[in-house]
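Biologist: I would like to learn how to read sheets and helix packing in a model. Please take me through it step by step.

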Amino acid sequence: MNDRYLEFTHSPFGKSLASMLGLPTPPRLRRADAPWADRPLEATPVVLGGDSGAALAAPLLKALSGMGAILRIVPEHAGLAPIKAAAAQMSVALAGNPAPDSGEPRSQALVFDASGVASPAQLREVYDFFQPLVRNVPGNGRILVLSRAPQSCIDVGRKTAATALRGFVRSLAKEVGKNGTTCNLIEVETGGEGWLDAPLRFFLSVHSAYVSGQLLTVGAHAKATAVALPGSLQGKTALVTGAARGIGAAIAEVLAREGARVIGMDHPSQEGALGETMAKIGGRGLALDVTAPDAAERIAAETEGLDIVVHNAGVTRDKMLRNMTPQQWDMVLNINLAAILRINEGLLKKGLNGGARVVCISSIGGIGGNAGQTNYGATKAGVIGYVDAMAETLAQRGGAINAVAPGFIETQMTAAMPVGPREVGRRINSLSQGGLPQDIAEAVAFLASPAAAGVNGRTLRVCGQNWFGA
Ligand code: NAP
């Protein structure tokens, strides 16, 4: 559904009216219109900074120069020693950051390696880096902080400072969203240093346009082999449930864009729509109810080994608990949660290839909760616990399982909402607009890639930093 208010505020009349009345002007987000690029930051200036004990300079520089970025530093900043040392060792050029009035292109991204911050006092280095630079980030810019995951910090000062960065990032994301800039945090566990390339590509590119104020933890993966993100889904076989329309159709489309062979599954009542969606992307349809007791066996019989499984099918049956019938409870629990466990259990016995990656769709409704959604909220929170619980099982097979929690997304489901709640739902996030199904699909494709091997058991919110459960 079209966001008429956003369109209006981008017309000459709407723009001046909004500014006269002090109304918000939601930014136009730049989204991907092509597969993952080899060099997504070609000739794009990025300012790099770090604290004096930063430990991630080498993987960071390798990834950024591999993406084609022009690397800039502010020479007066303290804490550049680890970055300069890594640059010298890797023969990577570091340019000075030009003054805002120099006529040089502005830096599109600010990236700070805070992995060595050891005390609250040292957080000052984070302030010193961002404070003078943040006002010059252009529209659709990217701000990214890397830190040591608090669970990997052994001393009190480090753990405190690493956790403080979460509040810093969430707050800064709320300041910069007005112009479509996102701000996120990558937390690196011990052993996760070698798995940073794909997360950096995701967060610094147009593929993460609606992800802001989030943290993603990257850890070690003993059984996976490092591969590049671009091209990593070529030839993979992916099953997407609920693929006839909405978010599922977008997931199928983006996976196909990246070269995967897609099998779209949907309820037999949706066979026609499913056929049309699959025809557009050269995929194959499978009309099958996710709650069928033999769903896993049927899927295994119809496919020849799956590399990717996306559990997207979901329903709502909203009612205040006092009015909710057992049927409404059972149906939502069965489709949104029990079916995922049942299908995976079956596919783990037969149907999954080694290294298979599973992505489940949760919801911010499972994080913040909504009146009238005790059934739905329970299922979507359950998904978050489930991916955490299953991470080790999938890792043992060389794969992973993660979840994506969408916020307000423009689909048939949200178009059916009454105007008032729909308008509020759209605006209560740092980017002042609803997301598109493509935004969820981009995050799913990233998590479905073997290049994201260090990401396992995690839930990534794709919600424009919705204020629900934030
Ligand atoms: P949608 O437009 O209603 O699409 C869901 C699809 O799943 C439909 O084609 C539906 O078919 C299918 N499905 C339902 N029950 C099924 C079953 N038993 N077996 C097979 N397929 C079944 O929903 P959406 O908005 O794209 O949402 C997709 C996922 O994202 C859901 O898990 C939802 O909870 C989650 N999500 C959405 C939003 C949002 O803002 N839209 C926000 C947070 C989370 P039928 O027509 O037969 O039901």
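Biologist: In what order do the strands of the open sheet that contains β10 stand?

Modeller: First, the ground rules. This is a predicted model: local features need pLDDT of at least 70, side-chain atom pairs count only at pLDDT 80 or more, and totals for chains, interfaces and linings use all residues. Residues are numbered from 1 along each chain as its sequence is written, and side-chain values use heavy atoms, with hydrogens and water left out. Helices (H or I, at least four residues) and strands (E, at least two) are DSSP runs, numbered from the N terminus. Two strands pair if DSSP finds at least two bridges between them. Now your sheet: 7 strands, in the order β10-β9-β8-β11-β12-β13-β14, with parallel pairing.

Biologist: Which are the edge strands?

Modeller: β10 (284-287) and β14 (459-462), each of which pairs on one side only. Neighbouring strands of this sheet are turned by 20° against each other on average, direction ignored. Axes are lines fitted to C-alpha atoms, for helices over the stretch in contact, and angles run from 0 to 180 degrees between N-to-C directions.

Biologist: How many bridges join β11 to β12?

Modeller: In general, side chains in a regular strand alternate between the two faces of the sheet. Here, 5 bridges join β11 (residues 306-311) to β12 (residues 352-361), and the two run parallel. V310 stands opposite V359 in β12. Helix α11 packs on this sheet and touches β11, β12 and β13 (400-406). Contact means heavy atoms within 4.5 Å. The direction of α11 makes about 170° with that of β11.

Biologist: At what angle do α11 and α13 pack?

Modeller: Two packed helices are described by the angle between their axes and the distance between the axes. For α11 and α13 (residues 374-396), the angle is about 15° and the axes are 8 Å apart. That makes α11 roughly parallel to α13. The classes are these: under 35 degrees roughly parallel, over 145 roughly antiparallel, 65 to 115 roughly perpendicular, the rest oblique. α11 passes α13 in a right-handed crossing. A crossing is left-handed if the near helix is turned anticlockwise from the far one by less than a right angle, and right-handed if clockwise.

Biologist: How do the residues of the contact of α11 with α13 divide?

Modeller: Into 13 nonpolar, 8 polar and 1 charged. Ala, Val, Leu, Ile, Met, Phe, Trp, Tyr, Cys and Pro count as nonpolar, Asp, Glu, Lys and Arg as charged, and the others, Gly among them, as polar. Contact residues include W329 and L333 in α11 and Y376 and V383 in α13.

Biologist: How far apart are the axes of α10 and α11?

Modeller: The axes are 8 Å apart, and α10 (residues 295-302) packs with α11 (residues 326-349) at about 50°. That makes α10 oblique to α11. The crossing is right-handed. A295, A296, I299 and A300 of α10 make the contact with R342, I343, G346 and L347 of α11.

Biologist: Where do β3 and β7 stand in their sheet?

Modeller: That open sheet has 7 strands in the order β3-β2-β1-β4-β5-β6-β7, with parallel pairing. β3 (95-96) and β7 stand at the edges, each with a single partner strand, so one side of each is left without a neighbour in the sheet. β6 (residues 182-188) and β7 (residues 215-218) pair in the parallel sense over 4 bridges. V188 stands opposite V218 in β7.
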